[in-house]
Amino acid sequence: MIRRLLLTVLAGAAVLLVPWTVYLAHTLPDRYGTGQWRAAWVGFDVALLLCFAAGAWLGMRRRRSAVPLLSATAAMLCCDAWFDVALGWTSAERWTSVALAVFVEIPVAVVLAFAARRLVSDALPRRSVTVRDIEMREDPRYQWVTRELPGDAETVARRTGLERAEVAECLKSLEDNGFVRRDRKGNWIAIPQDLREPELDDYDGADRERVAAFLDAKYADEVALLSWAAAHRDEFGPWSTAQRTSTRLTEDEFRELDAEYRELITRYCRRRRRPVAGEREFSVRFYAFPPPETAQA
């Protein structure tokens with residue numbers, strides 16, 4: 001409903017602007033004296049400066065909220081270029097305005113637009129776990145291979161003790177399922193994914209049984225992992241944390257919380273592609289559910 005209304009508004013605005021633009025083209029004078037000329041342009045440049053600063057701050061932190069700001073900044077640069085050239089066309093600084101538009105303002109606007117697009121596309125690929133994913137999860141070779149990335153097949157084989165042909169086969173399967181890819185140097189790197197639990201209703205027969213067994217084993221492993229972490233909590237030093245809270249949310253608010261968590265995880269998973277000194281692997285879990293006394297509410 002909202003999407004249809006938005007499309008109607010956009011289409012209607014486009015249609016209405018046609019006669020309005022034609023009307024302005026025939027009625028506006030070629031020259032017009034106005035006041036507050038300096039305030040208008042200085043105010044515009046101040047707004048542009050603030051957009052650059054805020055966009056840089058959000059972009060460095062890979063916040064998805066930078067997307068509309070970067071897009072708006074790109075649009076403002078295009079407007080700046082248009083009015084600089086159009087309003088200064090009869091002045092002595094005509095070609096300076098053209099040069100700034102062609103070599104500075106428009107290229108920067110394009111870069112910002114691509115940066116916004118990259119932030120949008122940087123979201124983790126999201127899909128449901130498949131039977132093939134379960135098969136790979138049950139084969140320890142795939143875990144050994146992914147733990148040794150980034151690297152080439154020969155290096156991974158040496159580190160894992162597997163045959164090079166085995167490593168190549170594992171990497172091909174992982175690539176086909178979107179878990180790894182080659183970088184510019186030809187090395188294999190892992191690709192984080194947002195994997196959702198499979199729905200039992202999507203499977204029949206043996207596949208359904210296998211998926212059900214996978215889910216049972218998954219949660220049994222989660223409980224065992226949590227129990228182990230609780231038993232060893234004094235051994236982690238500053239390398240662990242835990243929070244627990246209870247709140248009341250509507251379903252829409254709960255979905256918003258889930259989306260913000262996914263954005264946070266995506267930001268840190270995408271922070272860098274190669275290991276650095278001092279880093280450690282972390283297990284991160286997020287569970288939100290109605291407590292037992294309200295589960296039937």
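Is valine 108 buried, partly exposed or exposed? Valine 108 is partly exposed, with a relative accessible area of 30%, where buried means under 20%, exposed means over 50% and partly exposed lies in between, using a 1.4 Å probe and protein chains only.

Before I go on, please keep in mind that this is a predicted model, in which local features need pLDDT of at least 70 and side-chain atom pairs count only at pLDDT 80 or more, while totals for chains, interfaces and linings use all residues. Residues are numbered from 1 along each chain as its sequence is written, and side-chain values use heavy atoms, with hydrogens and water left out.

Valine 108 sits in helix 4, and helices here are DSSP runs of H or I with at least four residues, numbered from the N terminus. Together with Phe52, Leu100, Val102, Phe103 and Val104, Val108 forms a nonpolar patch on the surface, with about 530 Å² of accessible area in total. Such a patch joins nonpolar side chains (Val, Leu, Ile, Met, Phe, Trp, Tyr) within 5 Å, taken from residues with over 30% relative accessible area and no salt bridge, and the areas come from the Shrake-Rupley method with a 1.4 Å probe. Helix 4, residues 94–121, gives the largest share of the patch, five residues.

Let me turn to the charged pairs. The structure holds 13 salt bridges, each being a side-chain nitrogen of Lys or Arg within 4 Å of a carboxyl oxygen of Asp or Glu. One of them pairs glutamate 281 with arginine 147, with the closest N and O atoms 3.1 Å apart. This pair links distant parts of the chain, since glutamate 281 is in the segment after helix 10 (251–269) and arginine 147 is in helix 6, 134 residues apart; both residues are exposed.

Another salt bridge joins glutamate 135 to arginine 132 at 3.2 Å between the closest N and O atoms, and both residues lie in helix 5 (residues 131–138), three residues apart, about one turn of the helix. Arg132 and Glu135 also belong to a network of salt bridges with Glu138 and Arg210.

What about disulfides, meaning pairs of cysteine sulfur atoms within 2.5 Å? A search of the whole structure finds zero, and for cysteine 78 the closest cysteine sulfur, in cysteine 79, is 7.0 Å away, which is too far for a bond.

Finally, the peptide bond from leucine 149 to proline 150 is cis, with omega near 5°, and proline 150 is placed in the loop between helix 6 (140–147) and helix 7 (153–160).

Conventions
Disulfide = S-S within 2.5 Å. Patch = residues over 30% accessible without salt bridge, like charges linked within 9 Å, V, L, I, M, F, W, Y side chains within 5 Å. Helix = DSSP H or I, 4+ residues; strand = E, 2+ residues; numbered from the N terminus.
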